[in-house]
Each structure stands twice: as structure tokens, then as C-alpha cells.
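Here's a quick briefing to read alongside the model. Have the viewer open and follow along.

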Amino acid sequence: MNRPALLHFENRFYTLGEQFFSRVTPEPLPDPYLISLNPAAAGMFGLDETHFDAELLDWMSGCQAPPGAEPLAMLYAGHQFGHFVPQLGDGRAILLGELQDRQGNAWEMQLKGAGMTPYSRSGDGRAVLRSTIREYLCSEAMHGLGIPTTRALCITGSDEEVYREQIETAAVLVRMAPSHVRFGSFEVFYYRNQHDQLRRLADHLLAHHFTHLRDEDRPCLALFAEVVDSTARLIAQWQLVGFSHGVMNTDNMSILGLTLDYGPFGFLDAYDPDFICNHSDHEGRYAFSRQPAIGRWNLTCLAQAMLPLFSDDPDAAVEMAQDALDGYEAAFMQAYSDGMRAKLGLMEKREDDHVLVTDLLQRMQANQVDYTRFFRTLACFKADENGKSSAAADEFVDRQAFWQWAGDYAQRLKQENSRDEERAMAMRAINPKYILRNYLAQNAIEKAEQKDFSEIDQLLKLLSKPFDEQPQYEAYAALPPDWAQGISVSCSS
Ligand code: AMP
Ligand code: MG
């Protein structure tokens, strides 16, 4: 098969040395088969399904390490549900190395579910088909929504049995990101008092991922400030689209501000700030409305771990960290309020816009209004008639509650001479029609468990263009069916 010669591995993380990882050999997935290949990600490397021969299948399922790869499991620590765990590390993700895409960007390629590593603790190193499909679809859905995220190249599967709450089958996800370094990658060295390693990790990031900061007076502080900013903006995007991550532990927080480690995530159906997508999160630590505050809390953990890099004077280092952290609220609020204004089709910025937004969200919560459908439907709002014919009212249990708000909204639109048609176009370009609701993923999973993988490919295609009207998929934009309420997602994956 004339596979592109581009599949040449570089191993930049590997050159950091074995204090940063453990070398591992992937555990072959028995009799693997291709479940889904993501054409968009494959195309980045000049690959398509015709290149997917037995050898490529072996590489992607951990049966054979590709030439030039140096498989390793990354070391990290992390605060899990508020408690520090001194050593975690990739318990089932194996980094093969980096591949360059056709534009010359390097991507770390990881096999998730390719067997045990020294960090597996009590785990089996495997990923079940179910969780692999969820991560595959959601990471690509987030990408389609324009939200920074790890990507996914393909899923390979096997009939090998894996034991969770019930017997399931194993699969391997090929995940890709420019870097998989996490907040916890710094924490592990700080708490071990290994400041040289802290510095080397920062230097690695500055050399390859934050090259624009290398000439700053204090490159490590600048790096941290950038992580503050990108994390704030990432979480604002989550809030705007109604995404709940579910396990915002510091080991799941990307240093590049990517959405990382999809587990029991969920998108809001009816607007509910108290939404907890992870059934194992009994306290609601990671409830939807708490995500912005948790983002800051996690950044505080990162700041602590990076203190030795900011200054030799501990007091000065704390002050610098504090200053950088103080940028979080402003960055979040700006991204969130600009985003909310855009969702509502407002072009101008007014002091009291937050009043209009808060009033709307309160009414949506009281009326169990579907978050995604509402904003999409609102695009057709006619300012002159105060939204009297707007289908958005139909999303409310009590239409009066909508119309009361609609009067203020119409007035606000008129103040900036908003034109209905222009606004509708702009609103449709940022309020998605299609999101990965749990039940949609569940349908794909149930079919896949019967060896029908077509629904995965269908969803992948649909969700790559979430803002487009796709009339043949109209049903995928409907309210979730009643049985969707019963879907339970937990950390078990
Ligand atoms: P997560 O909540 O999926 O981000 O995982 C937290 C930690 O548990 C990470 O260090 C994972 O690598 C590890 N882990 C999760 N599931 C498994 C598994 N099945 N086998 C080994 N390690 C696992
Ligand atoms: Mg994780």
C-alpha cells in the first residue's frame, strides 16, 4: 500500500528522559478491527481508508509499534476531587511519538486503552468500546463547535472482554494533541521537590509549544499567564455551549487549554446550572455552574507547582502568581459576556447586558427550556413584533415567561438597529443546531455493540458541521426522548 511517507515519528517528549515517563510496550488488542476512521483527522496526514491495511491496523491497535515510535506512559500527579494524589500518570494511554501533519504541525499520537503501564494502579489498562466512542465523538464534536480540544484519529476494537460494572469489549482510541502535558505534570515534580525537572518541563513547553514566549523577561511566568488566559477562555466556551466536563481534576487539565480526557461529560438539555453529569460526583463539585470557579481553583494548584520557576524569592514568586491568577476572572467574563452577546445576536456592548442574560437564564431554568434548541430557535426572532410569533416561546412551559423577556430583548435589538435577517445569519453561525446529547452517543454505542458502526460515522459527519442545517438529520436536533433521562454516566470507562 502506498501509504504517505509522512508517517515518520519524532519523539520530542521522549528526549526529556525517563524521569518524565515510563517506557512501555503496548499490549496487543487481540484480533483487532477498524471501528471508525475519522476522515478529517486522517486527511491531515494524507491518510484515508484505503491506507488502512493490516499493518496500519496493527499500529493503531497497539499490536505493533510503528517504526520510529518510542512508546511511553507520561508521569503526572493531580488534585482529584480536591485531594492531592502524588502519583497518577497515564494508566492506559501510551504516547507513540509525534507525527507531522501536512501543514508541518506536530501532533502527539496516543493509544488510549492499549494496556497496562506502571501507572495503571488497580486498572487493567483497557478502555471499553462505550467510553472510546464517547471520547471519539465528543472530541470531534467540540472541534466542530470551534472549542479547543484533543482530536481523535480512529477507533479500533476487539472482542476481548473487559470487566466494568458488566462485561464489555475493549477498544483503542487514537487520540492526538500538540501536547498532552497537564497541570498535574508540573505538580508531580513540585511535590517531589524536583525543581530541575519542573524547569525542564517548562523549557520543553517553551521550546515547542509556547515559542512566542521564549524572549519574555520571565518566560515561565508568561507561560503561566497564558495558561490562565486559555483556561478561562476554554471554560467560557464550555459554559456558552452548555458543556459539562464532569471530572475537572488537575490531571485532566491541559496546559494548552484544550478540552482533555472525556469521561462522564454531558451537554445540557434543559438549562440547569446545577446539572451534574457525572453520577459519581455526589457533592456536585463539578456541577455545570461551578466549572468557572473550579478552573480558577485548578490554576491555583498549577501556580503553586510553578512557583519555583517564577522567582528565587518565594514571596516575590507568590505575588507574581497572584497577579497572573487575577487575570482569570476578567478573561473569563470577557469571553463569556462577548459570547453571550453573540448568542443573542447583539453587536454592540452595553453596560447592563448581563441583566438581560441573567433574566433569560433564570426564566429558562424555571421553564426547563432546552439550552441548545432555544438559542437556535431565537435566531428567527422578529424585533418589530416583540417576538410574538417566535417559535422560541414554544420551548417554554409558560410562554408568558418568554414574552415578558422578549419585550426587553426586542427593545435592546431596536436600540442598535438590529436587522432581523442579518442577525439570524450571525446567530445560526454560533448557536449550534446539533450537539452530542447523551442519547445520541448511546444509540451509536448500542449499535456498535451489535457490530454496526454506521451510527458512529453518521454522528461524526453530522457533528463536524453543527451549525449547518442538515435537513436529513432533523430528528437529531429534537428534544431528547424520555428514556434519555435514565442514561447514567460515571467515571467507569
Ligand atoms: P481519568 O479519570 O480517566 O482521567 O483517569 C484517572 C487516572 O486513572 C489516570 O491516571 C488514568 O490513566 C487511570 N485509569 C483510568 N482508567 C484506567 C484503566 N482502565 N486502567 C488503568 N488506568 C486507568
Ligand atoms: Mg485523566
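Which residues of H11 are buried? They are Tyr371, Thr372, Phe374, Phe375, Arg376, Thr377 and Leu378, where buried means under 20% relative accessible area, exposed over 50% and partly exposed in between (1.4 Å probe, protein chains only). Keep in mind that this is a predicted model, where local features need pLDDT of at least 70, side-chain atom pairs count only at pLDDT 80 or more, and totals for chains, interfaces and linings use all residues. Residues are numbered from 1 along each chain as its sequence is written, chains are lettered from A and ligands numbered from 1 in the order in which they are written, and side-chain values use heavy atoms, with hydrogens and water left out.

**Overall build**

- The protein chain has 15 helices and 12 strands; these are DSSP runs numbered from the N terminus, with helices (H or I) of at least four residues and strands (E) of at least two.
- With a radius of gyration of 23 Å, close to the 23 Å that the globule rule gives for 493 residues, the protein chain is as compact as a globular protein of that length. The radius is taken over C-alpha atoms, and the rule is 2.2 Å times the number of residues to the power 0.38.
- Along the principal axes, the C-alpha atoms fill a box of roughly 65 × 60 × 45 Å.
- Some 58% of the 493 residues count as buried.
- Take the contacts (heavy atoms within 4.5 Å) with a separation of 6 or more: 73% of them come from residues 24 or more positions apart.

**Surface and charge**

- The accessible surface of the protein chain is about 20400 Å², and 48% of that belongs to carbon and sulfur atoms. Areas come from the Shrake-Rupley method with a 1.4 Å probe, and for residues only the protein chains shown count as cover.
- There are 44 positive and 70 negative side chains, with the centres of the two sets 3 Å apart. Lys and Arg count as positive and Asp and Glu as negative, leaving out His and the chain ends; each charge is placed at NZ of Lys, CZ of Arg, CG of Asp or CD of Glu.

**Helices**

- Helix H11 (residues 371-378) is mostly covered, with 7 of its 8 residues buried. Its cover includes helices H6 (219-241), H9 (327-343), H10 (353-366), H12 (399-415) and H13 (420-428).
- Over in helix H14 (residues 438-449) you'll find Gln442, buried at 19% relative accessible area. Beyond its neighbours within four places in sequence, Gln442 is in contact with Trp483 and Ile487.

**Strand E6**

- Leu95 sits in strand E6 (residues 93-100) and is buried, at 2% relative accessible area.
- Not counting residues up to four places away in sequence, Leu95 touches Phe13, Glu70, Pro71, Leu72, Met74, Glu108, Met109 and Gln110. The C-alpha atoms of Leu95 and Glu108 are 6.9 Å apart.
- Gln100 is in strand E6 too, but is partly exposed at 37%.

- Asn252 is buried at 9% relative accessible area, and Asp261 is buried at 14%.

**Positive phi**

- Asp31, not a glycine, has a positive phi of about 40°. Asp31 is in the loop between strands E1 (21-23) and E2 (33-37).
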